[in-house]
2 protein chains.
Amino acid sequence: MKNVTTECIYCGQNGTRDNLMIEIAQLSVSTVYLFKEQTYMGRCIVAYKDHVKDLHELSVEDRNAFMDDVCRVGKALEKVFNAQSINYGIFNDLIAHLHVHLVPKYQGGPNWGGTFDMAPKRTFLSPAGYERVIGEIRAELSK
Amino acid sequence: MKNVTTECIYCGQNGTRDNLMIEIAQLSVSTVYLFKEQTYMGRCIVAYKDHVKDLHELSVEDRNAFMDDVCRVGKALEKVFNAQSINYGIFNDLIAHLHVHLVPKYQGGPNWGGTFDMAPKRTFLSPAGYERVIGEIRAELSK
């Protein structure tokens, strides 16, 4: 991993990241995590392998590979959770390590028709629940 | 333009879109608009040429071209407005026509460190102000 900074939650191992998310899989140039807060069922984060702040800083080749990873996950989430849409958000003001929030949305569900709350802090799963959801996403990604 | 639907604000001419944004330029597979509400100075929308709901539905070639347009605009906004970061958001629950919100963020400015408000409805420019901003973005995009 290039450009590692020990202060970044996506660079190397750290407790802050582990409190917020669980690793699902390594993709071609990124890692996909399940966001522990599951108000939006299936919500994930795809984080680029290196410490780069903005998508437009990547080479065209790396950007295309990253967006391929992001779309692969988006498509998988839509299928696994029967989501009516997937919202995508990059908010890199303070965490200057490229990562995309992938937020499945459901007609009649939370914030349908709008944006999404960054941290609703209300819906968490049991360890078995996380294991089941992660297993389903992994299975779909490996197809 | 393929897959046109008359109900979509991004397909063809319509008043709803014109109330919300002003066309800046045609890019390779998209159009970039200035969002009239300018709480986040320089805020734009990049809309794909066809009526497609999700990024993952595009062919790899079209997706790469679209992301190239998006990044070209992001880079231009960062430079023209001296933004400290650019947030990117795709919220396609109801408007099922692929478009990305590009929201420049400023240290100490509105929602620095967080997400962004979809429609703050508080900061609008004069006609001359819009013309100036659009002129600066066009100039940077044409470099």
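This is a predicted model: local features need pLDDT of at least 70, side-chain atom pairs count only at pLDDT 80 or more; totals for chains, interfaces and linings use all residues.
Residues are numbered from 1 along each chain as its sequence is written, with chains lettered from A and ligands numbered from 1 in the order in which they are written.

Start by selecting the interface: 27 residues of chain B are in contact with 27 residues of chain A (contact means C-beta atoms, placed from the backbone, within 7 Å). On the chain B side, α2 (60-81) and β4 (85-90) are the elements giving two or more residues. Helices (H or I, at least four residues) and strands (E, at least two) are DSSP runs, numbered from the N terminus.

Next, pick β4 (residues 85-90) in chain A. Three bridges join it to β4(B), and the two run antiparallel; G89(A) has G89(B) as its bridge partner. On to β5 (residues 99-105) of chain A, which pairs with β4(A) in the antiparallel sense over five bridges. Here Y88(A) stands opposite L102(A).

You get an open, antiparallel sheet of 10 strands, in the order β1(A)-β2(A)-β3(A)-β5(A)-β4(A)-β4(B)-β5(B)-β3(B)-β2(B)-β1(B) (strands pair if DSSP finds at least two bridges between them). β1 (21-26) of chain A and β1 (21-26) of chain B stand at the edges with a single partner strand each, so one side of each has no neighbour in the sheet.

Last stop: α3 (residues 127-141) of chain A, lying across β1 and β2 (30-35) of chain A and running at about 20° to β1(A). Axes are lines fitted to C-alpha atoms, for helices over the stretch in contact, and angles run from 0 to 180 degrees between N-to-C directions.

Notes: Two residues are in contact if their C-beta atoms, placed from the backbone, lie within 7 Å.
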